[in-house]
Amino acid sequence: MNTPEVPLFRAAMAVVRRDLLAEWRTRIAVNALFLFAFAVLVLVGYAVGPTRLAPEDRPTVNAVLLWIVIFFSAMTGLSRVFVKEEEAGTASALRLAAPPPAILLGKYLVNILLLFAVMAFIVPLFLVLTSFEIKCPSLFIVLLVFGGLGLAGASTFTAALVSKAAAKGALFAVLSIPLLLPPLIAAVSGTQVAARETSFAAGLDFVRVLIAYDGVVTTAAFALFDAVWRE
């Protein structure tokens, strides 16, 4: 029963290694993600520093700003996983080298690694610059994990959809924003709860929304990717 899964996973890990080595050589996506995140963090820290907001307003405003920074950082670099294949002319070779599910899984894992690396840079700096106090760290971390998985999953599939289009950047943003609104709203709302409440249960509904979204997006992406990739 498990024999078909081994080649699939190996092929996916081969895609991950290939992409990470290519990214290590060029650092295009990493530089774009980190430079954008750093610039926005500096602006946010200057505009809404720890003394510029009333204490009762901080959970709402800071939760929104944090996820805006994460979202637009993701939009800056995550689309390149498939765009670079078309630009470099390597998409046809990749189609022959690995099955579509392995390609999607590999690209998804690469985007997860990139996004989580950027989030590990963004979140602590944001908390320090804005003096954003989180009263339930466990809820906050779970929201970051499942929110990040949702962003990476939807961004990866959208990148495959727009990779052959002429205006890739604009089309990627147009398709991604409505697709990512539900998890962003749940993540923002849950972060507000994590900043106000000490109980994990208080934000459990938002965690469930993110888990359900991640499951639906991942299932739909794997079901539709073969047609998108071979079209």
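A residue is called buried when its relative accessible area is under 20%, exposed when it is over 50%, and partly exposed in between, with a 1.4 Å probe and protein chains only. This is a predicted model, in which local features need pLDDT of at least 70 and side-chain atom pairs count only at pLDDT 80 or more, while totals for chains, interfaces and linings use all residues. Residues are numbered from 1 along each chain as its sequence is written, and side-chain values use heavy atoms, with hydrogens and water left out.

Helices are DSSP runs of H or I with at least four residues, numbered from the N terminus. Helix H3 covers residues 58-77, 20 residues in total. From its first C-alpha to its last, H3 reaches 29 Å, close to the 28 Å expected at 1.5 Å a residue; the expected span is 1.5 Å times one less than the number of residues. Among the buried residues of H3 are Leu66, Trp67, Ile70 and Phe71.

A nonpolar core is a set of buried Ala, Val, Leu, Ile, Met, Phe, Trp, Tyr and Cys residues joined through side-chain atoms within 4.5 Å. The largest such core has 67 residues, and those touching the most other members are Trp67, Ile70, Phe82, Leu115, Ile122, Leu151 and Leu180. Helix H6 (residues 100-130) gives this core its largest share, 13 residues.

Contact means heavy atoms within 4.5 Å. Beyond its neighbours within four places in sequence, Phe82 is in contact with residues including Ile103, Thr156, Phe225 and Trp229.

**Pocket and cavity**

Rolling a probe the size of a water molecule over the atoms shows where empty space is left. On a 1 Å grid over the protein atoms alone, a cavity is a set of points where a 1.4 Å probe fits but cannot get out; a pocket is an open set with protein on both sides within 12 Å along at least five of seven lines, and lining residues have an atom within 4 Å of a point. Grid points are joined across faces, edges and corners, and a volume is the space filled by probe spheres set on the points.

| Space | Volume | Largest share of lining |
|---|---|---|
| Largest pocket | About 200 Å³ | H1, five residues |
| Second largest cavity | About 60 Å³ | H9, four residues |

The lining of the largest pocket includes Arg18, Asp19, Arg80 and Lys84. Its residues divide into three nonpolar, two polar and six charged. By contrast, the lining of the second largest cavity has five nonpolar, three polar and no charged residues. Here Ala, Val, Leu, Ile, Met, Phe, Trp, Tyr, Cys and Pro count as nonpolar, Asp, Glu, Lys and Arg as charged, and the others, Gly among them, as polar.

Terms used:
Helix = DSSP H or I, 4+ residues; strand = E, 2+ residues; numbered from the N terminus.
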